[in-house]
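Trainee: I am new to this structure. Could we go through it one question at a time?

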Amino acid sequence: MSGYRLKDSGIYIDTAQELRFEFDGKKYVGYQGDTLASALLANGVTLFARSFKYHRPRGVYTAGPEEPNALVSLRTGDRHEPNCHATTVELYDGLVARSQNAWPSLNTDFMAVNQFFAPLLIAGFYYKTFMGTGQKFWHFCEHFIRRAAGMGQGGLSADPDKYEKTNHFTDVFIIGGGPAGLLAADTLAKIGAKITLVEESNNWGGSLSEEEGLINGEPALYWANNVVKILTKNEKVTVLPRTTVYGYFDDNTLGAIERVSDHKQMPKNNEPRQRHHKIFAKRVIIATGSVERPIVFEGNDIPGVMLANSALRYAKRYGVAVGNKVVVFTNNDDGYHSAIELKKMGVNIIAMVDPRSTLDPELKTQIEEQNIEHHPGCMVTSAKGGKSLNHVNIAHFSRDSGSSGSLQRINADVLLIAGGYTPTINLCSQIGTKADFVEEIQSFVPGESTQPFVACGAAKGQLDLESTLCGAVEAAVQTAKYLNLDIDTHPSIKVEKANRKAIPFPLTDIPSTNSSAKKFIDLQHDVTVNDLKIAHREGFSSVEHLKRYTTMGMAADQGKTSNMNALALIAKERGISIPEAGTTSFRVPSKPVALGALAGRDVGNHYHALRRTPVHEWHIKNGAEMVDTGGWHRPRVYKKAGESLFEAYSREAKAVRNNVGIVDVTSLGKIDVQGPDAAEFLDRVYANSFQKLPVGKAKYGIMLRDDGYIFDDGTVWRLGETQFLMTTTTVNAARVLSELERLLSLYWPELKVHVSSQSDQWAGMAVAGPKSRSVLESIITDMSFSEEDCPVMSVRKGRIGKWPVMVARLSFSGERAYEILTPRNYGLDVWEAIMDAGKPFGITPYGTESMGALRIEKGHIGGPEMDGRTTLGDVGMERLSSKKGSYIGSVLKNRHGLKSDDRKTMVGLISDGIKPLRPGSVVLKNNEIVGHVTSATFSPILDKNIALALVRKGKKHIGENLQVVFPLKDEAYNVRVVDPCFYDAEGKQLYA
Amino acid sequence: MSDYSAFSLLKNAFSGHRNWKSAWRKPEPRENYEVVIIGGGGHGLATAYYLAKIYGVRNIAVLEKGNLGGGNVGRNTTIVRSNYLLPANIRFYEYSMKLWEGLSREINYNVMFSQRGVLNLAHTPGQLDEYARRGNAMLMEGADAELLSREEISRRIPGLYTGQDTRFPILGGLNQPRAGTARHDAIAWGYARAADRQGVDIIENCEVIGFIKDGDTVTGLNTTRGEISAAKVGVSVAGSTSNVMKLAGIDKLPIESHVLQAFVTEPLKPLIDTVVTFGAGHLYISQSDKGGLVFGGDVDGYNSYAQRGNLPIFEHVAAAAVTMFPNLSRLRLLRNWGGIVDMSMDGSPIICKGPLPGLYLNAGWCYGGFKATPAAGHCFAHTIAKDEPHELNSKYTLDRFFNGNELDENGTGPIPALH
Amino acid sequence: MKIKCPICGKREASEYTYIGDATVKRPDVNNTDEQSWFEYVFQRRNPRGDHEEHWQHTAACRSILKVKRNTVTHKISSVDLEGPWQGQGEENN
């Protein structure tokens with residue numbers, strides 16, 4: 001038992017509210033306001049986790065999100081969540097946590113045997129071994145390596161919680177609710193700026209909880225709480241606690257996660273678990289503070305070794321003493337502040353170790369008053385212990401040899417380290433801001449801004465209260481000027497009796513008497529001083545190489561406590577300065593972010609918008625099996641009870657050939673083309689000609705890309721002298737429209753044409769089959785269906801009751817057919833009216849599957865034949881464009897490769913087998929690949945299995961017998977090559 | 001320098017690891033080389049290695065403007081596969097796969113090539129047909145492929161959502177069992193060490209600032225570390241291709257540079273044992289040996305040289321990941337990075353002699369550069385050494401766009417961001 | 001990244017569709033020179049730094065915009081309309 005609760009209650013906790021919780025099956029009690037770490041420390045727990053590689057026992061190292069050691073798994077069942085920082089998890093009643101990466105238990109972890117093999121498990125050891133006899137051996141080793149690696153365990157059940165997204169458009173976005181952020185917010189709020197202020201924790205004031213100084217005569221934290229009260233009341237200020245900014249992107253866009261319900265057992269009242277905030281800010285103020293820096297020595301990872309300021313936080317914030325016999329090892333004055341304050345609060349600080357030989361007389365008096373043993377000119381050479389600290393060894397410090405003289409042993413259960421502070425500059429670094437090295441604090445601060453932001457406070461290296469507040473005012477003034485707001489450039493803010501600034505005495509890598517001793521640089525990834533030295537020896541000396549080779553700084557904490565020490569060490573090894581050694585760039589996210597929060601509600605059914613036609617519900621009610629086509633749901637087949645897919649589409653296709661069918665074609669793209677030059681425009685767009693198309697007529701059109709390959713096809717209806725309606729395939733609708741707009745806007749401004757999408761304005765349906773005329777004649781008024789009045793390809797207007805319809809006699813199936821457009825809102829009514837009218841004729845709704853069968857029978861091209869790699873010649877359409885001048889793709893379609901007579905061209909295949917051919921099959925001639933099957937179907941009318949295929953020099957093979965194979969299923973068929981039009985080549989059925 | 005092995009590791013452990021030598025030398029550039037490769041990434045280093053090892057070229061230098069392996073070879077999602085559609089691509093990538101299978105031993109560096117399968121999910125019947133065409137083409141070319149049913153997929157990949165009540169239900173998929181992942185950095189370091197052992201000079205922090213030409217013929221380079229003359233210069237610089245070629249006087253190429261983002265979660269115990277790609281949006285997911293789930297998405301969609309991405313792709317990738325695997329929702333993304341990919345106009349690469357005498361080009365890798373590393377190195381080396389392409393890269397010419405012999409793997413046409 | 005559409009105002013880039021290099025020259029309708037079309041369709045300068053490019057405001061007014069953007073910093077310096085309305089754009093502040 002080491003830690004315990006102090007008499008004075010911490011400022012964050014409410015001792016009147018007890019909370020029950022569980023860690024590794026053991027039950028504990030904490031208080032409202034505790035973190036999991038503070039409550040466990042108060043209960044005397046010292047062992048929290050096992051380390052990544054060596055499975056060494058680890059305790060708590062810090063009191064915040066920079067924690068490298070105390071990672072636990074939280075909650076159970078569906079809400080299980082691995083790798084949580086015990087130091088930031090807010091305690092709630094009923095909390096259940098478990099340790100991870102240990103087996104069978106945290107206390108007895110068999111994998112700790114890795115420590116025995118540590119001499120082999122050096123940086124990059126895996127690159128040098130496990131190669132054995134080849135892949136098999138590696139796969140065998142990998143199986144075990146994977147199981148040994150990793151930290152927490154991910155579950156298999158779906159997350160039951162919801163996540164939300166929200167946007168903020170704000171003048172000023174302030175990150176950090178410490179003294180700098182609060183003062184900047186207060187100053188700017190007073191002059192009317194629109195502000196969003198976020199704080200990562202649920203408490204305001206940041207480092208002020210450890211501040212002894214006064215602001216404007218008041219205790220600093222009292223001042224902070226007042227400011228928060230005022231800001232909260234201000235309508236132009238949005239204040240968000242429990243909100244972590246994880247990413248800084250282009251154009252002052254930032255991402256932040258608000259933990260709405262993570263401090264509760266589960267979200268209540270339909271609350272989300274977390275909310276993703278996207279912030280669009282004119283100006284950003286970065287007041288993210290700093291992180292205390294460790295000092296590196298032997299045994300610096302033993303439970304009980306932790307950062308000094310963190311220990312002070314546990315005492316001040318949670319009323320927790322971290323140990324019974326505490327030694328402080330500091331290289332700066334701030335360490336004294338921590339020690340003295342802790343002692344005043346009743347923590348047994350027994351000794352101070354400081355490599356500096358002289359000390360400020362005032363501090364000297366204070367530690368003498370507090371009866372703390374002082375060891376000036378000394379340093380800790382090692383910390384000793386197993387699962388908890390037993391004692392520390394100290395020695396005299398000498399600049400040349402490191403240590404000298406005999407070791408002195410001090411028994412202690414906690415060793416606090418104060419190595420100075422590292423400004424938190426991750427966010428600035430994400431947008432490519434260079435970092436400047438500041439010698440005095442031995443650390444980097446943000447350099448010149450690459451986007452409109454300003455940093456202040458500890459994040460800017462302003463490490464004492466007075467300069468922090470001055471920095472905040474300066475940041476506010478700069479921001480006000482940027483926003484053209486009037487501001488008093490010297491607001492009165494008075495600081496008294498503030499804590500001392502930490503000016504660290506540089507200490508890198510304290511030599512150890514034991515050459516195999518482990519001195520950890522990166523505790524989370526188990527990277528030691530020795531690892532860095534080996535990496536350097538092997539030539540991995542640049543910071544990027546070092547990081548990748550040793551994995552230093554690549555753990556979940558992104559090296560918040562380790563990077564500066566690593567840089568200092570490598571600089572020393574290479575004999576260069578720290579800024580010469582450089583710094584690595586920080587990556588988004590600066591704190592790990594749940595995937596669910598980034599995904600928000602765009603998951604599962606809502607992953608992508610679903611486009612429905614007005615007849616959608618009718619289709620479903622009538623047994624349609626839907627299929628996704630370019631974002632739309634279309635009926636694939638309408639299955640009757642007991643019918644298979646095959647039976648259903650055969651029945652539908654037969655109905656069209658013999659009788660009459662109706663298909664929903666609403667999803668086709670529809671573009672209105674208007675203007676005096678509309679015909680000229682279409683002529684330039686399509687490979688075939690439109691100038692001579694008379695009003696009231698429609699025509700098939702095929703469009704190429706600029707590179708000469710087929711892009712899309714459809715029909716064009718001339719509705720007036722200057723008005724056309726063109727249709728596109730469902731899949732290409734958006735791309736065709738954009739292409740037309742681009743051409744008109746950029747290249748052909750001389751054409752007086754306007755295009756607009758009408759895809760959503762019209763509902764469309766095709767009525768096809770020998771009886772289609774009879775059905776429509778019986779219901780559509782105001783037009784005649786006679787051969788003279790409504791010949792093939794004509795476009796007419798009529799009515800069904802009060803609903804206007806536009807009718808074009810077009811056929812995709814080869815049967816007499818009419819395409820009917822009606823304003824979208826009437827779509828269902830018109831559909832139902834036609835179904836009613838068609839009942840006596842046995843009208844059958846049909847889906848995409850039978851539509852495919854019908855068009856394959858006719859040899860019409862579809863998606864698989866227009867796969868973006870085919871030419872007009874390939875699909876037998878070269879003649880369409882034979883007499884034309886220029887159009888899109890008309891020049892590049894003549895490139896050598898597109899004209900080659902070795903190309904694959906479209907043919908028909910008839911199988912002698914019983915099973916349908918499969919699209920994607922390979923066509924063979926004498927065992928040589930000559931092509932592939934693009935589309936295949938069973939043809940109900942021919943009672944044969946047929947297919948379209950692209951075959952090298954296709955036409956030359958007509959009449960030959962070839963082989964079609966489908967190696968994925970070991971299938972092979974004999975086929976006969978025929979002309980791609982299998983049915984009614986003369987087109988008689990159009991008039992049937 | 002001795003071979004790496006379990007034995008050498010043990011031996012060095014006894015001497016406190018004080019005797020490890022630098023994995024590659026840090027030589028000063030010489031004035032003259034037979035072949036200079038610009039670009040110390042995976043491809044450049046592999047090219048140098050094969051030039052020396054197979055083609056017996058001595059006197060080779062690799063110039064790298066920053067640190068070796070700092071580009072795309074260390075910024076990808078480590079997937080190795082040969083599941084292509086067009087025969088020229090299948091043959092090339094299948095050859096690469098075969099080199100991968102022996103690579104760790106070939107270069108005496110464990111590149112951790114883990115053949116755990118790459119599964120492409122299909123969500124529409126049309127997509128299944130496309131995969132069938134691809135799978136058959138692969139089998140015909142001697143690669144491996146299998147079609148999996150929804151039930152089989154559900155059985156093999158716990159956690160994957162195979163229910164039908166979702167926007168894009170899974171209908172089946174195409175799996176390539178021999179495909180998998182590798183350790184990306186190890187490729188760069190392994191080839192660097194292997195090339196160095198063959199006598200190749202690897203010169204880091206040496207940026208090319210100009211080409212020295214005799215008429216049209218390239219005869220050397222001006223670099224930040226002095227003038228270097230070379231009989232042959234190979235350019236292998238991925239996203240920087242246009243910039244470097246501009247220095248040689250080639251102003252335009254069928255290439256655009258785009259940023260491609262990748263993501264990794266916190267390390268976890270084994271959760272997903274294969275590589276899975278979503279078929280209804282751009283997402284692929286795998287788990288590294290260290291335990292992080294690695295995600296790759298689509299390019300950001302506009303020309304970019306910034307090695308960092310933006311929020312929309314972040315959100316898309318997360319949404320696709322949670323849609324596929326609803327159990328990942330509470331897991332956390334740890335890091336994101338961006339690489340500059342050289343998107344060609346047809347989605348296939350260029351490995352060719354020219355476009356100037358004395359100059360050789362290896363570029364246009366789009367998403368596919370990492371897995372191509374061994375074959376690209378070998379074929380580029382062949383092209384440089386023999387002054388004619390290897391059979392496998394004979395179609396990867398620069399003039400195929402002019403001649404109309406594009407290799408448009410996806411059929412999307414000359415829009416780089418769509419490949 | 002945000003683009004200031006001269007018609008709609010400043011909007012997130014996700015509302016727009018990237019078209020590509022704005023410096024390429026589309027040959028005249030009747031130009032039948034393969035080389036010119038090849039240059040237009042396939043060849044790109046692909047600069048590192050300032051880039052003139054076309055975007056379309058697809059999710060709103062559908063205007064085609066000429067955007068000057070830095071491909072390294074992604075900073076947009078100006079946005080202009082294309083076609084007859086050219087010259088009505090402004091700086092992207």
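The questions below begin with the model itself and then turn to its chains.

Mentor: This is a predicted model, in which local features need pLDDT of at least 70, side-chain atom pairs count only at pLDDT 80 or more, and totals for chains, interfaces and linings use all residues. Residues are numbered from 1 along each chain as its sequence is written, while chains are lettered from A and ligands numbered from 1 in the order in which they are written.

Trainee: What pLDDT does chain C average?
Mentor: pLDDT is the predictor's confidence in each residue, from 0 to 100. For the model, ipTM is 0.97 and pTM is 0.96. In chain C, 98% of the residues score at least 70, and the average is 92.

Trainee: What pattern does chain C follow along the sequence?
Mentor: Helices (H or I, at least four residues) and strands (E, at least two) are DSSP runs, numbered from the N terminus. Chain C has one helix and seven strands. Read along the sequence, they give β-β-β-α-β-β-β-β.

Trainee: Within what arc do the buried residues of helix 1 of chain C fall?
Mentor: A residue is buried if 20 or more other C-beta atoms lie within 10 Å of its own, exposed if 12 or fewer, and partly exposed in between, with C-beta atoms placed from the backbone. In helix 1 of chain C, Trp37(C), Phe38(C), Val41(C) and Phe42(C) are buried. The arc is that of the directions from the helix axis to the C-beta atoms. Seen down the axis of helix 1 of chain C, its buried residues line one face of the helix, because they fall within an arc of 105°.

Trainee: Which helix of chain B do those buried residues of helix 1 of chain C pack against?
Mentor: Contact here means that the C-beta atoms of two residues, placed from the backbone, lie within 7 Å. By that rule, the buried residues of helix 1 of chain C pack against helix 11 (400-403) of chain B.

Trainee: Which element of chain C gives the most to the side that touches chain A?
Mentor: The contact takes 22 residues from chain C and 17 residues from chain A. Strand 3 (17-21), helix 1 (34-42) and strand 4 (50-56) of chain C each supply at least two residues of the chain C side. With four residues, the most comes from helix 1 of chain C.

Trainee: Which helix supplies the largest share of the side of chain A that touches chain B?
Mentor: In this contact, 91 residues of chain A meet 88 residues of chain B. The largest share of the chain A side, seven residues, comes from helix 3 (residues 135-148) of chain A.

Trainee: What is the bridge partner of Val593(A) in strand 16 of chain B?
Mentor: Strand 34 (residues 593-594) of chain A and strand 16 (residues 332-344) of chain B run antiparallel, joined by two bridges. The partner of Val593(A) there is Leu333(B).

Definitions and conventions: Two strands pair if DSSP finds at least two bridges between them.
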